[in-house]
Amino acid sequence: EEEFKWLLQEEVHAVLKQLQDILKEASHRFTLPTGGLGGAVKQENFVLSTLGTDQVKGVLTLQGDALCQADINLKMPRNNQLLHFAFREDKQWKLQQIQDARNHINQAIYLLMNRDVNYQFKTGSEVLKLMDAVMLQLSRARNRLTTPATLTLPEIASSGLTKMFTPALPPDILVNFYINLNKLCLTVYQLHVLQPSTAKNFKPAGGSILHNPGAMFEFGNQRYEVSHVHKVECVVPWLNDALVFFTVSLQLCQQLKDKISVFSSYWNYRPY
């Protein structure tokens, strides 16, 4: 009983403090201030590349959760024509995955700070409940980075992203940006218009993270088929840091839960 009391009063708070420190580090990775309080978030440039192809090249500029510049060259396979397009000066593209992950981390920090050092935990189940709530936020944060949204091709075609570029994207090009683990990815879809005679074979594609050549869809009273797909990516080191922090934090939570559970089961089954 004394040992369990010590666990609730001392060790639990030591773990909560450790978790807070780790998650604050994780949260700082998402804001990347330039130094000085209230300073603007610094801009970072990343070169897009992929093995075995030079069809798409480009540089992306990331500022926290916003893509503030994208400069892309695309070599068209049909005629080797080189297309160049970049974000308009007045445009930024918010990466919702980064925004959501940061919100979940901050929610986890808030839960931990609500139980400051003076707070007295009365029962093991109270600690388990807190750990479950924190782990839920951490799992959601991690899942936002590891699991990009599945989109249909019409959703990609109608997203605001297509209006961001100058010169405007040609009607037979679609682009999509997303986060996958520690990488910022760009997918470029080249399309060709389906003739009305192909109506009997038309099968619109459903939602997917990455659509393959041959995928069909209808948009603006026109039917299209994907002819070529180019995926290029760049590693964002601080996303890698954040994923490591999530893993370590989840392990700490689980270890504390296991300790509490051992004591609780002993408490429930002790002989009278």
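**Figure 1. Packing of helix α1 against helix α2 in the predicted model.** Helix α1 (residues 2-31) and helix α2 (residues 96-113) have axes that come within 9 Å and cross at roughly 155°. Angles over 145 degrees count as roughly antiparallel, and α1 and α2 are therefore roughly antiparallel to each other. The crossing in which α1 passes α2 is left-handed. From α1, the residues in contact are Leu16, Leu19, Gln20, Leu23, Lys24, Ala26, Ser27, Phe30 and Thr31. They meet Ile98, Ala101, Arg102, Ile105, Asn106, Ala108, Ile109, Leu112 and Met113 in α2. Sorted by class, the contact of α1 with α2 has twelve nonpolar, four polar and two charged residues.

**Figure 2. Packing of helix α1 against helix α3.** The axes of α1 and helix α3 (residues 124-146) come within 12 Å, with a crossing angle of roughly 15°. Angles under 35 degrees count as roughly parallel, and α1 and α3 are therefore roughly parallel to each other. The crossing of α1 and α3 is left-handed. On the α1 side, the contact is made by Phe4, Leu8, Val12, Leu16, Leu19, Leu23 and Phe30. On the α3 side, Gly124, Val127, Leu130, Met131, Leu138 and Leu145 take part. By class, this contact of α1 with α3 has twelve nonpolar residues, one polar residue and no charged residues.

Figure 3. The relative accessibility of serine 264 is 19%, and the cut-off for buried is under 20%, so serine 264 counts as buried. Not counting residues up to four places away in sequence, serine 264 touches Phe4 and Gly124. Phe4 belongs to α1 and Gly124 to α3, and both residues are listed in the contact of these two helices. Serine 264 and isoleucine 72 are 192 residues apart in sequence and 58 Å apart in space, C-alpha to C-alpha.

**Figure 4. Strand β1 and its pairing with β2.** Strand β1 (residues 44-48) has a covered face formed by Glu44, Phe46 and Leu48. The uncovered face of β1 carries Asn45 and Val47. Strand β2 (residues 56-63) runs antiparallel to β1, and five bridges join the two. Asparagine 45, on the uncovered face, stands opposite threonine 61 in β2.

**Figure 5. The open four-stranded sheet.** Four strands are arranged in the order β7-β8-β10-β9, with antiparallel pairing. β7 and β9 (216-219) stand at the edges, each with a single partner strand, so one side of each is left without a neighbour in the sheet. Direction ignored, neighbouring strands of this sheet are turned by 40° against each other on average. β8 and strand β10 (residues 222-235) pair in the antiparallel sense over eleven bridges. Within this pair, valine 193 has tyrosine 224 in β10 as its bridge partner.

**Figure 6. The β7-β8 hairpin and asparagine 182.** β7 (173-180) and β8 (183-193) are antiparallel and are joined by eight bridges. Tyrosine 178 has cysteine 185 in β8 as its bridge partner. Seven of the eight residues of β7 are buried, leaving this strand mostly covered. Two residues lie between β7 and β8 in the hairpin, and leucine 181 in the turn has a positive phi of about 60°. Asparagine 182 is found in the loop between the two strands. Its relative accessible area is 15%, so asparagine 182 is buried. Beyond residues up to four places away in sequence, asparagine 182 touches Cys234, Val235, Val236, Leu239, Asn240 and Leu243.

Figure 7. With a relative accessibility of 1%, isoleucine 156 counts as buried. Leaving aside its neighbours within four places in sequence, isoleucine 156 is in contact with Leu151, Thr162, Leu174, Val175, Asn176, Tyr189 and His211. Isoleucine 156 and phenylalanine 245 are 89 residues apart in sequence; in space, C-alpha to C-alpha, the two are 32 Å apart.

Conventions:
Residues are numbered from 1 along each chain as its sequence is written. This is a predicted model: local features need pLDDT of at least 70, side-chain atom pairs count only at pLDDT 80 or more; totals for chains, interfaces and linings use all residues. Side-chain values use heavy atoms; hydrogens and water are left out. Buried means under 20% relative accessible area, exposed over 50%, partly exposed in between (1.4 Å probe, protein chains only). Contact means heavy atoms within 4.5 Å. Axes are lines fitted to C-alpha atoms, for helices over the stretch in contact, and angles run from 0 to 180 degrees between N-to-C directions. Angles under 35 degrees count as roughly parallel, over 145 as roughly antiparallel, 65 to 115 as roughly perpendicular and the rest as oblique. A crossing is left-handed if the near helix is turned anticlockwise from the far one by less than a right angle, and right-handed if clockwise. Ala, Val, Leu, Ile, Met, Phe, Trp, Tyr, Cys and Pro count as nonpolar, Asp, Glu, Lys and Arg as charged, and the others, Gly among them, as polar. Two strands pair if DSSP finds at least two bridges between them.
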